[in-house]
Amino acid sequence: MANNQNEPTDRALLLDVLTTISENELRKQLLTTYKGIIHVHRRIGTKEDPNAPNQLVQIHFQSTKQAEEFIENGWISIGNLRCRVKALPPSIPVQKENKRNKGFGNQSKILIEEDQVTHKILVHDFPTDITENDLKKKMTQVYQGVKNVKRWYSRNEPSIPTENVQIDFESPKDTKVILQKGFINIDQLYWPVTALRSRKPQPSQVESESQQLYQSRIFFEEDLLEIFEDQKRQLNDLFFRYNAQLNGAIQHL
C-alpha cells in the first residue's frame, strides 16, 4: 500500500490505533488538531473476525498539501497513544491531476483560490439514520442562516443515502467560520465539512494550472461524487478479500 514518495496523495493510513477508540472520538481529536480532513474511516476485519474493527484507520484530506503535512513526521499522537502514519495511493481525482502534471514536466498544479465565496457546504461522514429535518433543527440551534438541508444519494443507486449532507445558507458570511474550522459541532459530535460549488467554466484554467499549489481547494460536486464512488469500490474490494481469506481458512479446518 506504500505510495510513491514523489507522487502527491490526499490519503493517509494510521496504524496501531486501539480498537477501543471510537470512530467519532478519532474524528473529534483529528479534526480539532489537523486541517482539511474530510473522511475518517476505521477499517473492518481481522484474522480472527472479518466483522471486527482493526487497528488501521484511513484518512482522506481536502488537499495533497494537507496530507503531506500530516504524513511528514511519520507518526501522530492521539491522546496518550502514538500512532504510525503512512501514505496511501491518491484518490482517482488526484491520480488524474498527477498524471496531467507529469505531462507538463511536473510543473503544473491545479490552483483554486482558498477564499472563493460560497454559501454551500458539504458535511461528510454524517450518519444515514439522521433525517434532513432533524439535522436542520439541530443546525438552526447552533448556526445562523441555515436555508436548506439535503441528503446526497448514491449516483449508481439513487435509493441509497450516502453519509454526505449538503447545507445551503442564506449568505457566504454564514459559512465563513464553519469552513475556517473545517467541521461542524452538533450534540458534541464533530463532522468534517468542505466548501461546495457547482463547476463553472474557467477561461483562465490553463494559466491557473501553471501556478504553484497544492493549497486547500474547494470541492466541486463532480469531484466529490467520483471520490465517494472510488471509496465505495475500495471498501467492496476489501470486503471480498476478507471473505476470501475467511473461506480459505474454513476449508483448511
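**Strand β1**

I began with β1 in this predicted model, and I noted that the strand is mostly covered, since 5 of its 5 residues are buried. I then looked up which way the side chains point, and I found Arg11, Leu13 and Leu15 on one side of β1, with Ala12 and Leu14 pointing the other way. I reminded myself that in a regular strand the side chains alternate between the two faces of the sheet.

Next I asked myself which strands pair with β1. I found that β1 and β3 run antiparallel and are joined by 4 bridges, and that β5 also pairs with β1 in the antiparallel sense, over 4 bridges.

**The largest nonpolar core**

I looked up the largest nonpolar core, which has 22 residues, and wrote down the members that touch the most others: Leu14, Leu30, Ile59, Phe70 and Ile76. The elements that give two or more residues to this core are β1, α1, β2, β3, α2, β4 and β5. Another core, of 16 residues, lies apart from it, and its members include Phe126, Val146, Ile184 and Val193. As a general note, nonpolar side chains in soluble globular proteins tend to be buried together.

**Phe70 and the aromatic rings**

I returned to Phe70 and asked what this residue is in contact with, leaving aside its neighbours within four places in sequence. The contacts I listed are Ala12, Leu14, Leu30, Tyr34, Ile59, Phe61, Ile76 and Val85.

I then turned to the aromatic pairs, of which the structure holds 4. Tyr34 and Phe70 form one that is edge-to-face, with 4.8 Å centre to centre and 75 degrees between the planes. This pair links distant parts of the chain, because Tyr34 is in the loop between α1 and β2 while Phe70 is in helix α2, 36 residues apart.

Phe61 counts as buried because its relative accessibility is 1%, and the cut-off for buried is under 20%. I therefore wrote down Tyr34, Phe61 and Phe70 together, as they form one aromatic cluster.

**A charge over a ring**

Last, I looked at Trp75 and found the charged end of Arg82 sitting over its ring, 3.5 Å from the ring centre.

Technical notes:
Residues numbered from 1 in each chain as written. Predicted model: local features only at pLDDT ≥ 70, side-chain atom pairs only at ≥ 80, totals over all residues. Heavy atoms only, no water. Phe/Tyr/Trp six-rings, centres within 6.5 Å; stacked < 30°, edge-to-face > 60°. Buried < 20%, exposed > 50% of the residue type's maximum accessible area, 1.4 Å probe, protein only. Lys NZ or Arg CZ within 6 Å of the ring centre and 35° of its normal. Core = buried A, V, L, I, M, F, W, Y, C linked by side-chain atoms within 4.5 Å. Contact = heavy atoms within 4.5 Å. Pairing = 2+ DSSP bridges.
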